[in-house]
Amino acid sequence: MLCPHWALTLHSCRSVAARLPVPGSSQGWGGPDGGAHGSGRGGPGLRFTGPPRALSFPASQLFINCELFPQEFSIVVTLKVARVAPKKSEYIFSLVEEDTERMLMGLRFSQDRLHFLFLGPGGWERLAFRSVRLADGRWHTLVLAVSGPYATLTVDCGMPLDLANGKPFPSAFSTKGSRFYVGSRKRWKGLFSGLMQQLVLLPGSDATPRICPSSNPRLAVLSVPQALLQLPIKSPGTEALIYPYEADLRVTLGTQPLCGKTELGQLWFDTLKRGLFLCDGGAWVSMLQEKERLDYVEDYQDLYTNSETFDVEVFQIPSVGLFVATANRDSKRGSGIYKWSDGKLEPYQNISTWEAMAWKYFTVDKKKFLVVANSRGKRAGDRELSVIYKWSPRKLRFLQYQSLETHSARDWEAFHIQGEDFLAVANHRQGDNNHNINSVIYKWNPGAKAFEVNQTIRTSGAYDWEFFTAGPYHFLAVANTFDGASTQIESAVYVWLGGTFQLFQAITTFGATDWEMFQIGSRIFLAVANGQKLYRKGPSVYNLNSTIYELNMATKTFLMFQDIATYSAVDWEFFTLGDEKFLVVANSYDGTSYSLNSVIYRWQGYEGFVPVHRLPTIGCKDWEFFASTEGSYLIYSSATEPLSKVFRLKTY
């Protein structure tokens with residue numbers, strides 16, 4: 001059974017966080033029946049049944065190098081309480097002065113309020129959040145963030161509640177000679193009666209973005225880097241620091257060594273990347289690494305495909321390898337899956353497809369799937385069926401799993417919301433001329449173990465879906481290409497509210513074929529690939545701007561950030577190398593030729609994205625970035641030739 005997350009901060013005057021156990025606890029694990037090992041729904045929790053001092057520890061155990069409480073901090077709590085008596089309150093934790101037994105700080109709740117109290121220079125200060133109902137027998141995760149005179153409370157990744165206090169939190173709040181009491185204020189009165197699974201004190205401002213959005217917001221867990229959990233802790237009764245491991249050092253060239261529980265705490269110096277890494281029990285965490293910078297791009301591999309390729313999907317199957325799926329036009333030859341082996345892509349599996357337009361790899365319940373967007377039926381007059389394939393760990397192949405009726409499908413998008421799994425298909429047209437049709441969002445039914453229709457959205461020649469999150473909100477953007485008369489139409493961004501996607505913003509686009517969401521720091525961007533301007537039987541214009549939009553938090557809308565001149569752009573791909581950010585565009589046609597330069601743009605801050613490399617491409621349709629132990633690469637697909645190309649990104 002896993003322990004609940006007792007985390008608290010080990011700082012040098014408000015700096016780094018680490019996770020510490022609560023010493024001296026004699027309580028057992030309590031479930032709904034009060035037994036020693038019950039967990040109830042949602043996982044294990046700690047029940048407080050003994051004397052208050054049993055679950056306490058001196059503040060000096062946390063504040064080792066500095067006795068001052070951080071002026072800006074967040075408190076994260078996961079708890080479950082059945083009920084609280086009227087006009088009664090219970091303590092989540094308190095900080096009590098040992099000699100005088102005077103309480104210095106406390107966090108408590110009643111039937112419909114949460115109170116944070118602290119002793120300021122002028123006396124007691126109290127922040128009371130109203131209409132906060134926690135005693136309902138369900139798990140809840142709270143984040144209380146305090147910064148100066150302001151406090152913000154977020155419950156289950158919902159809308160934040162803000163309070164302004166008349167006096168700011170003290171800049172010199174001393175913890176000297178005090179003791180933390182978890183679940184009480186050193187008295188039987190006000191003892192916490194429920195289950196507690198997580199209690200975290202984190203220096204710095206609001207910790208909400210570190211746990212939200214979450215697939216299970218009621219049981220959201222703060223992400224503390226595993227390496228920090230192993231920092232030395234101070235043992236009671238001694239000033240010596242105890243290290244939980246002794247580090248071994250490995251020096252390797254190229255191949256990355258294993259990093260599991262047995263390698264926990266080992267150091268690896270990679271001579272190829274010139275970096276020092278620490279194993280956290282699951283992955284290598286960079287401790288010191290020379291920053292990669294893009295030098296030039298080299299033509300690395302010609303990938304001969306079954307036919308013209310409209311899309312490539314790069315994915316990794318753990319313990320098996322890295323794969324690339326190509327969506328090929330020729331139905332007789334089908335589409336190919338290639339495996340990365342010894343620094344090259346080699347044919348691995350061929351799958352029957354019908355004018356395939358796109359692939360999407362995703363997981364549900366730890367099972368691995370690959371869905372293809374077929375744009376026509378198997379034979380003339382047949383229903384158009386797109387197919388989901390399931391990975392067989394025994395056969396090491398993808399096998400047909402489920403078919404879904406689609407209409408000239410152009411794209412699939414897979415995503416998770418609050419523990420549920422979804423698939424969205426971009427239906428382009430029905431028949432030859434009807435572009436104004438429904439695209440469909442499917443939801444996974446765990447009982448039937450299949451995807452079922454959940455919502456339909458009216459689209460116009462839909463070409464692409466892009467799912468992304470911003471804070472606690474989930475968005476889905478559609479690229480609408482053509483309404484039967486013009487390519488100058490509105491594409492749309494939808495937001496998840498009340499169990500469905502609702503219109504958030506409409507954006508005018510020109511034959512839009514792709515949305516690419518990316519984030520730089522705290523800034524969120526959406527780039528649209530505009531393919532062409534066309535109105536009825538007038539001439540088409542292929543040389544036009546594609547646009548990058550930025551989410552403006554003040555107006556709650558996407559505003560134009562930068563226009564970039566493109567030539568029938570059909571795809572954007574965002575990637576990073578070291579600290580540098582890049583966008584590469586797929587320029588496909590200029591009105592006379594498919595042989596064009598596609599361009600890599602580098603993020604230059606105030607200047608936006610500036611061109612740094614021009615790559616010769618033919619009918620470029622899609623770009624994908626991937627990395628292996630051998631280096632970093634870009635692969636593009638050609639919609640006019642049975643030849644895709646892999647480029648290697650050379651760094652220095």
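The structure is a predicted model.

The model holds 17 salt bridges. One of them is formed by Glu580 and Arg293, whose closest N and O atoms lie 3.6 Å apart. This pair links distant parts of the chain, 287 residues apart. Glu580 belongs to strand S44 (residues 580-587), whereas Arg293 is in the loop between strand S21 (284-289) and strand S22 (294-304). Glu580 has a relative accessibility of 13% and therefore counts as buried, the limit for that class being under 20%. Arg293, with a relative accessible area of 41%, is partly exposed.

A further salt bridge joins Asp299 to Lys645, with 3.0 Å between the closest N and O atoms. Here too the pair links distant parts of the chain: Asp299 is in strand S22 and Lys645 in strand S49 (residues 643-651), 346 residues apart. Asp299 is partly exposed, its relative accessible area being 47%, while Lys645 counts as buried at 16% relative accessibility. Asp299 and Lys645 also belong to a network of salt bridges that includes Asp302.

Asp330 and Arg333 provide another salt bridge, with the closest N and O atoms 4.0 Å apart. The relative accessible area of Asp330 is 21%, so this residue is classed as partly exposed. Arg333 counts as exposed, at 54% relative accessibility.

Strand S28 (residues 367-374) pairs with strands S27 and S29. Strand S27 (residues 356-364) and S28 run antiparallel and are paired over eight bridges. Within this pairing, Lys360 has Val371 of S28 as its bridge partner. The two strands form a hairpin with two residues between them. Asp365, in the turn of this hairpin, has a positive phi of about 50 degrees. Strand S29 (residues 385-392) is also antiparallel to S28, and four bridges join the two. In this case Val372 has Val387 of S29 as its bridge partner. S28 is mostly covered, with seven of its eight residues buried. In a regular strand, side chains alternate between the two faces of the sheet.

Strand S29 also contains Ser386. With a relative accessible area of 1%, Ser386 is buried. The Ser386 side chain has polar atoms placed against the backbone at two residues, Val372 and Asn374. A polar atom of this side chain lies 3.4 Å from the backbone oxygen of Val372, and the side chain reaches the backbone nitrogen of Asn374 at 3.2 Å. Apart from neighbours within four places in sequence, Ser386 is in contact with Val372, Ala373 and Asn374, and also with Gln402, Ser403, Leu404, Thr406, Ala409 and Trp412.

Thr78 is located in strand S5 (residues 72-80). This residue counts as buried, at 1% relative accessibility. The side chain of Thr78 makes a polar contact of 2.8 Å with the side chain of Gln198. When neighbours within four places in sequence are left aside, the residues in contact with Thr78 include Trp139, His140 and Thr141. The contacts of Thr78 also include Leu195, Met196, Gln197 and Gln198, as well as Arg218, Leu219 and Ala220.

The model has one disulfide, which joins Cys157 to Cys212 with an S to S distance of 1.9 Å. The torsion about the S-S bond is about -85 degrees, so the disulfide is left-handed. Cys157 lies in the loop between strand S11 (150-155) and strand S12 (161-164), and Cys212 lies in the loop between helix H1 (208-211) and helix H2 (226-229). The pair therefore ties together parts that are 55 residues apart in sequence. Both cysteines are buried: Cys157 has a relative accessibility of 12%, and Cys212 has a relative accessible area of 9%. Another cysteine, Cys620, is also buried, with a relative accessible area of 0%.

Technical notes:
Residues numbered from 1 in each chain as written. Predicted model: local features only at pLDDT ≥ 70, side-chain atom pairs only at ≥ 80, totals over all residues. Heavy atoms only, no water. Salt bridge = Lys/Arg side-chain N within 4 Å of Asp/Glu carboxyl O. Buried < 20%, exposed > 50% of the residue type's maximum accessible area, 1.4 Å probe, protein only. Pairing = 2+ DSSP bridges. Disulfide = S-S within 2.5 Å. Polar contact = N/O pair within 3.5 Å; in protein donor to acceptor, adjacent residues only side chain to side chain. Contact = heavy atoms within 4.5 Å.
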